[in-house]
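Biologist: I am new to this structure and would like to go through it with you. Please take it one question at a time.

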Amino acid sequence: ISLSVLFLFFACQKPNLDLEDQKNYSDSQSEAYINQLSEMGFSADQLVEYEEYFIVEDDVLIYKSDIEIRPEKQRKAPYTISSGIAPYVRVYIHPSISGWTSIIEDAIAQWNDINSNLKFTISNYAPHIRIYSDASPYCPEGFKNLDDASICGRAAFPFNGMPGSTISINMDSPYLTTAAKRVWIVTHEFGHCAGLHHTDSTSPPLIANTPVNDENSVMNAFECGRTITLSNNDEHALCELYSMGQVSSGHTNDLDFHRNLYAACFADGRSAYEVVGFAMAGSNDHSYVWYNDYKVSSGSTNDLDRHRDVYTYSLAPGRTPSDIVGMAMAGSNDHSYVWYNDGTVSSGSSNDLDRHRSPYSYSLAPGRTPSDIVGMAMAGSNDHSYVWYNDGTVSSGSSNDLDRYRSPYPYSLAPRKSVLQVVGMAMAGSNDHSYVMYIK
């Protein structure tokens, strides 16, 4: 399923445009624009052309100068914000709307609380996004004087890797009468600037792993005056677009057989680069991720602190996170195992990793060393330990004899992924599916 919407430039509510101002252009370039918009998923019979822009589906304004794009997949605009700009997108609050500063801060906090690689910060220095009252003479044309009461705000979508540059708010709207309603519209507009289209639109491509419909989405159209906050699907949509990590699921030898790559959202803004271990509990399939700052979180495979925010863990005496070569959790009792680069393994709880058993020696398949390990996991059904090596083979055994049950056999990762991008492996307790966590 997929829910999202990437954008171009659009109004958040239906524009009240004077049809006498509409112009018809039929030259070859206009046809090219229309063809491109059609390829992006916009219906040609819903396009209204003006000299410098198109109105699409009544509430999306797309500048012709921005139509050089290709869509990707909640619904999303053809461009997202580049990694060179994210995670810190600077927002300037124009004096014309300075009375809304606390409202804007609350809206920004909602997006910033998502575990994604995109954060908004208020700044007067070289801002990426400027937010205005629509009545301000400094407000750019196209955003100014939103005279239809139903148009609560308007925003731009990302272009050339930059965030949508402008947000304007209709200060005369009779729908924005409370702080909660004002927070909603500003939150909605920031979603557009990040690349989210209207969730309930039928046009642009969907964002992976989000539903087609979500009545609780803050990104639904024509709902001026709502008081809702971000839904779980809104949060996941942003994570899909701005995550630093990905996960696939499959067999031990075909590691995307069951599910191709999808986004992994880490705890507290952490990234895949900080992961030292990944495992799944046999009792409930909760995912655990250990980070290099002695913190661990628990969640689902795509929301890695959904069940428990980061808490502190300790290793066996004398070991540090940089010594870890693999981690796993036993299906029978949820004990956590840690294999170290000195050829020892310990067992404990998720936060006390030698609580049950102090370090003891392990052996790998012949010719392999700890430096050859890509990932480790334990099957939920029988506690067999699996080791994936950097030569493209995997073996199975006990925690201390890692090819006891099966000698090395070949495996494949998700397409276009290499062992250098793998940061952890795990196996689900419920069905022994193998999961691989990658740097995106």
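Biologist: Which residues of helix 2 are buried?

Modeller: This is a predicted model, in which local features need pLDDT of at least 70, side-chain atom pairs count only at pLDDT 80 or more, and totals for chains, interfaces and linings use all residues. Residues are numbered from 1 along each chain as its sequence is written, and side-chain values use heavy atoms, leaving out hydrogens and water. Helices (H or I, at least four residues) and strands (E, at least two) are DSSP runs numbered from the N terminus, and buried means under 20% relative accessible area, exposed over 50%, partly exposed in between (1.4 Å probe, protein chains only). In helix 2 the buried residues are Ile103, Ile104, Ala107, Ile108, Gln110 and Trp111.

Biologist: What do the buried residues of helix 2 pack against?

Modeller: Contact here means heavy atoms within 4.5 Å. The buried residues of helix 2 pack against strand 5 (88–93), strand 6 (119–122), strand 7 (129–133), helix 3 (179–194) and helix 4 (232–242).

Biologist: How many salt bridges does a search of the whole structure find?

Modeller: A salt bridge needs a side-chain nitrogen of Lys or Arg within 4 Å of a carboxyl oxygen of Asp or Glu. One of them joins lysine 144 to glutamate 141, with the closest N and O atoms 3.2 Å apart. The search finds five.

Biologist: Is glutamate 141 buried or exposed?

Modeller: Its relative accessibility is 58%. Glutamate 141 therefore counts as exposed.

Biologist: Which residue forms a salt bridge with arginine 319?

Modeller: The closest N and O atoms of this pair are 3.0 Å apart. The partner of arginine 319 is aspartate 342.
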